[in-house]
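Visitor: Could you take me for a close look at one part of this model, and show me what surrounds it?

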Amino acid sequence: MRRFSVIAIALSMVAYSFADTIKINTPAQNLINRLQKVESKGVVAFGHHDDTAYGHSWVDESGRSDVKEVCGDYPAIMDWDLGLIELNSSKNLDGIEFSKMSAECTNHDIRGGINSFSWHLKNPSTGGDSWDCSDSLTVHKAVTLGTAENDTLRSWISNVADYILTLKDKNGNYLPVIFRPWHEHTGSWFWWGKNYASIEDYKKLWNLTREIFDAKGVNNVVWAYSPDKIKNSEEYMERYPGDNLIDIMGTDIYHFNGADGLSDFISSANKQLSAAQKYAKERNKILALTETGSEGIPMNNWWTEVLLPLISKYPVTYVVVWRNAHDKPNHFYAPYPGHASVKSFLEFYNNPKTIFNREINNIK
Ligand code: BMA
């Protein structure tokens, strides 16, 4: 009896350390460790959506980047969107070939950068886009077993997991990525927004996503949560799906109306970032400004006078600005050569607080 329990204890210790080893060695855990190193250095990694896919006046030119043309370095974080992968489309909702996106992710990994994904998926009830909120029961149906919408959503989530499993580093190993689904849910512009989902149903979206990823053995995803505007800090957590499902506590907030909208932006951003910081700290999670920007960058000094002071107040690990569309002249969030905010961006780039590709490559 005694010998048996000694053996049992020894075996369970082996099993425990084996499980621990597996956890520590996943690509996801390695990326979490890396982001924590960025945090411990007190720097903020700069990210840009669709950076090398297209820019303000060009599309699909290998290696080209508006950010690089301005400051000589790629962003540290490349952000991408998986919208339309659910329909097995060859291109995403903004016209990027998924095969090209995969190649760009591998290229960015080789140069030492980090890749992140959002997902502006279709509405599984109406067939409309993410912004189609015409059926307020979409979420409820999509998370309820036995409905056609649930079958649809399951197959769509499976497509995302399958795509993420195709992403490989240069040695053919799984590429660690950040995935940030069901974002900006404190607003009501997406069908999963707060006016269209009970708290419980919203959380079920996350549980369903994770269940499908786990069943496929996906181990290269770092999960990010990103509410938009909130009334108070409690609202940040109201729909939080749980510590076991989230690694990064982020927030999305845009600066509208240039100088006139500055105080609104700063007050919302402070409210959101201080809530995210508080909960991230309590839970030992990573803090990030997962989406921001000022469309068309109407304030020439935006980088140094608005964004830099904001991100310097909080231990944010990274900040992502949205895309530079090639087909909508004023829809850009990073500068391109000749833009009036270039001087400010170069100061932002040179400030010790910010890191871009070359510097994040040294944090492994
Ligand atoms: C929005 C805009 C759209 C785009 C969408 C998804 O904010 O940039 O033009 O299609 O994001 O990327």
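Predicted model: local features only at pLDDT ≥ 70, side-chain atom pairs only at ≥ 80, totals over all residues.

Guide: Setting aside neighbours within four places in sequence, Phe179 is in contact (heavy atoms within 4.5 Å) with Leu82, Phe117, Ser118, Trp119, Val160, Ile164, Thr209, Phe213, Val221, Val222, Trp223 and Ala224. Phe179 is also listed among the residues with the most contacts inside the largest nonpolar core, together with Leu82, Phe117, Trp119, Ile164, Trp182 and Phe213. That core has 90 residues; a nonpolar core joins buried Ala, Val, Leu, Ile, Met, Phe, Trp, Tyr and Cys through side-chain atoms within 4.5 Å, buried being under 20% relative accessible area with a 1.4 Å probe, protein chains only. Helix α6 gives the most to it, 8 residues. Val222, a contact of Phe179, belongs to a second, separate core of 21 residues, which also includes Leu31, Ile32 and Ile363.

Now follow α6 (residues 148–166) to its partner α7 (residues 199–215): their axes come within 9 Å and cross at roughly 50°. From α6, the contact is made by Asn150, Leu153, Arg154, Ile157, Ser158, Val160, Ala161 and Ile164. Leu205, Leu208, Thr209, Glu211, Ile212 and Phe213 answer from α7.

For bookkeeping, residues are numbered from 1 along each chain as its sequence is written. Local features need pLDDT of at least 70, side-chain atom pairs count only at pLDDT 80 or more, totals for chains, interfaces and linings use all residues, and side-chain values use heavy atoms, leaving out hydrogens and water.

Definitions and conventions. Axes fitted to C-alpha atoms, helices over the stretch in contact; angles between N-to-C directions. Helix = DSSP H or I, 4+ residues; strand = E, 2+ residues; numbered from the N terminus. Buried < 20%, exposed > 50% of the residue type's maximum accessible area, 1.4 Å probe, protein only.
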